Amino acid sequence: MKTVAEKYGPLGYSCRNHCPYCLFSKHIDINPGDRAEKCHGLLKPIDIEINSKKGYVIISKCIKCGDIRKNKMAEDDNMELAYEIIKNKGFLGKG
């Protein structure tokens with residue numbers, strides 16, 4: 001199975017670890033890029049926070065182990081879904 005980064009390619013200014021459409025990611029890192037996590041569960045976006053330095057940050061919860069992870073949103077991410085998550089705290093829409 002391809003990782004999100006392999007499927008959608010590099011951004012050029014940051015690494016991508018989530019799908020730009022559904023904002024899910026895979027729980028594969030303990031520290032960014034190390035691929036040392038054994039869980040490999042899906043990370044479901046549950047909230048979005050606004051960071052003064054990083055901008056929009058996706059807060060995800062692993063549906064397998066319950067870990068919470070954060071990742072900066074990319075310029076081409078689905079902002080409509082991000083606004084729905086903010087508005088409804090975890091609503092993932094259709095599709």
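**Burial, pairing and packing in a predicted model**

Biologist: Arg35 is found in the loop between S1 and S2. Why is Arg35 called partly exposed?

Modeller: The structure is a predicted model. Arg35 has a relative accessible area of 45%. Buried means under 20% and exposed over 50%, so a value of 45% makes Arg35 partly exposed.

Biologist: What is the phi of Arg35?

Modeller: Phi of Arg35 is near 55°, a positive value in a residue other than glycine. Most residues other than glycine have a negative phi. Leu23, in the loop between H1 and S1, also has a positive phi, of about 70°, although Leu23 is not a glycine.

Biologist: Why does Leu23 count as buried?

Modeller: Leu23 has 0% relative accessibility. The cut-off for a buried residue is under 20%, and Leu23 therefore counts as buried.

Biologist: What makes Leu23 a member of the largest nonpolar core?

Modeller: A nonpolar core is a set of buried residues of listed types, Leu included, joined through side-chain atoms within 4.5 Å. The largest such core has seven residues: Leu23, Ile48, Ile58, Met73, Leu81, Ala82 and Ile85. H2 gives the most to this core, with three residues. In soluble globular proteins, nonpolar side chains tend to be buried together.

Biologist: How do you know that the buried residues of H2 are on the same side of the helix?

Modeller: The buried residues of H2 are Leu81, Ala82 and Ile85. They cover an arc of only 105° around the axis, which means that they are on the same side of H2. On the other side of H2, Glu80 and Lys87 are exposed. What covers the buried residues includes S2.

Biologist: What is found at the two ends of H2?

Modeller: At the start of H2, a side-chain oxygen of Asn78 reaches to within 3.2 Å of the backbone nitrogen of Glu80. Just after H2, Lys89 takes a positive phi of about 50°.

Biologist: Why are S2 and S3 called paired strands?

Modeller: Two strands pair if there are at least two bridges between them. Lys44 stands opposite Lys61 in S3, and Glu49 stands opposite Val57 in S3. A hairpin of three residues joins S2 to S3. Helix H2 (residues 79–88) touches S2 and S3 as it packs on the sheet, and its direction makes about 85° with that of S2.

Biologist: What makes S3 and S4 a pair as well?

Modeller: S3 and S4 pair in the antiparallel sense over five bridges. At least two are required, and the strands therefore pair. The bridge partner of Ile58 in S4 is Asn71. In the hairpin of S3 and S4, which has five residues between the strands, Gly66 takes a positive phi near 90°.

Biologist: Which strands are called edge strands, and in what order do the strands lie?

Modeller: Four strands form an open antiparallel sheet in the order S1-S2-S3-S4. Strand S1 (25–26) and strand S4 (68–72) each pair on one side only, and these are the edge strands.

Biologist: Why is His18 called buried, and which side chains make polar contacts with His18?

Modeller: His18 is found in the loop between helix H1 (4–8) and S1. His18 has a relative accessible area of 2%; buried means under 20%, so His18 is buried. The side chains of His18 and Asn71 are joined by a polar contact of 3.0 Å, and the side chain of His18 makes another with that of Asp77, at 2.6 Å. The limit for a polar contact is 3.5 Å, and both distances are within this limit.

Terms used
Residues numbered from 1 in each chain as written. Predicted model: local features only at pLDDT ≥ 70, side-chain atom pairs only at ≥ 80, totals over all residues. Heavy atoms only, no water. Contact = heavy atoms within 4.5 Å. Axes fitted to C-alpha atoms, helices over the stretch in contact; angles between N-to-C directions. Buried < 20%, exposed > 50% of the residue type's maximum accessible area, 1.4 Å probe, protein only. Polar contact = N/O pair within 3.5 Å; in protein donor to acceptor, adjacent residues only side chain to side chain. Arc of directions from axis to C-beta.
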